Amino acid sequence: MTNILAIIPARSGSKSVKDKNIRPMNGKPMLAYSIEHALNSNKINRVIVSTDSEKYANIASKYGAEVPFLRPAEISGDLSLDIEVFQHVLAYLKEEEAYVPDIVVQLRPTYPVRNVQDIDQMIDLILADDEIDSVRCIAAAKEIAYKMWRKNDDDTLTPLLTDIEEAYNMPRQQLPKIFYQNACIDVIRTSVITEKNSMSGQKIKGYELDHNFDIDTEDEFLKAEQYLRLMEGNNRFVFDIDGVIAEFRADLDYHFATPNKKMIHIINQLYDAGNNIILFTARGYVTKQDWREVTEKQMSDWGLKYHELLFGKPNSDFYVDDKMIHMNDLYSFFY
């Protein structure tokens, strides 16, 4: 059997969001989500939380993780490195239990939203290729590193990347896609940590995700909490059609409406999560024309999942609602 150990590093204290690792998020401590992700994996067979806090340790134990020790203070500071924490855990397990895992999975407690299948697929990647030292989660960067600069002491600029001549003067569409590590999941061979003194090694495989829920600010905490509420189901959503599900038509001729595929994808995920999806449209409010047949066919042709279609929404320049989620917020959750 391949021994695969999940380590969740959860030191106490936080300057950006106070005690964020154990702060309640949608009904349970944020730390609990990473523990549950590890326990629900089909590949991970042991879960340990490394913490310097008795309080954190009790919470971790309650949710099913092992906490065989408290982390020493000298590797629990703001500037402590992951490698120090992981080497400490592995040294303890080897000395006290003669236990040496083959693979180590890092699940940071600051990332409460994960698909457990991603964990298992990343483990499969490293198991399938002996040459890989680690697999790391990445996401597409919104800012283009080829257009970034270092500012020198004399205020002159040096481009951050120089492999393409004058890339900073090129259209962004012609530049290579850049990724950043999003802190969701890291899968590492134990020997890389203990023998190569590295958390990644030399040959690193990327596993691309389309989201980032790593929490370092209050706004990021609230965003992740809202996403969890959306995806737990049992919510009732009312969506406008034109300007949201369909591209807006100023001429009100909806025969030629075109789908907003990104929003349809989001609504279908909300539907699949067990939410109730209602469509409420102002089509025909001004012209008094009956658009039901056309609309129903469009929703079917576009593959939209919903429970009810309602007509009679008043046409307006602005809508004000105390329970509104802007479509841009939904985009930020899912893209």
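The legends below describe a predicted model, first as a whole chain and then in close-up views.

Local features are given where pLDDT is at least 70 and side-chain atom pairs where it is 80 or more, while totals for chains, interfaces and linings use all residues. Residues are numbered from 1 along each chain as its sequence is written, and side-chain values use heavy atoms, with hydrogens and water left out.

Figure 1. Helices (H or I, at least four residues) and strands (E, at least two) are DSSP runs numbered from the N terminus. Along the principal axes, the C-alpha atoms fill a box of roughly 80 × 55 × 40 Å. Of the 335 residues in the chain, 43% are buried, meaning under 20% relative accessible area with a 1.4 Å probe, protein chains only (over 50% is exposed, and in between is partly exposed). Among contacts (heavy atoms within 4.5 Å) with a separation of 6 or more, 75% are between residues 24 or more positions apart.

**Figure 2. Strand 5 (residues 103-106) pairs with strand 1 and with strand 9.** Two strands pair if DSSP finds at least two bridges between them. Strand 1 (residues 4-9) runs parallel to strand 5 and is joined to it by four bridges; here L5 stands opposite V104. Strand 9 (residues 179-189) runs antiparallel to strand 5, also with four bridges, and I188 stands opposite V104. The side chains of I103 and V105 point one way from strand 5 and those of V104 and Q106 the other way; all are buried.

Figure 3. Four bridges join strand 11 to strand 12 (residues 276-281) in the parallel sense, and V238 stands opposite I278 in strand 12. Angles run from 0 to 180 degrees between N-to-C directions, and axes are lines fitted to C-alpha atoms, for helices over the stretch in contact.

**Figure 4. Helix 7 (residues 261-272) packs against helix 9 (residues 327-334).** The angle is about 75° and the axes are 10 Å apart. The two helices are therefore roughly perpendicular, a term for angles of 65 to 115 degrees (under 35 is roughly parallel, over 145 roughly antiparallel, and the rest oblique). Helix 7 contributes K262, M263, I266, Q269 and L270 to the contact, and helix 9 contributes M327, L330, Y331 and F334.

**Figure 5. Helix 6 (residues 218-231) crosses helix 9 at roughly 90°.** Their axes come within 11 Å, and the crossing angle makes helix 6 roughly perpendicular to helix 9. The contact is made by K223, Q226, Y227, L230 and M231 of helix 6 and by L330, S332, F333 and F334 of helix 9.

**Figure 6. F239 and I245 touch the most other members of the largest nonpolar core, which has 65 residues.** A nonpolar core is a set of buried Ala, Val, Leu, Ile, Met, Phe, Trp, Tyr and Cys residues joined through side-chain atoms within 4.5 Å. Beyond its neighbours within four places in sequence, I245 is in contact with residues including F239, I264, I267, L279, M299 and W302. Apart from this core lies another, of 16 residues, among them I7, I48, I83 and M199.
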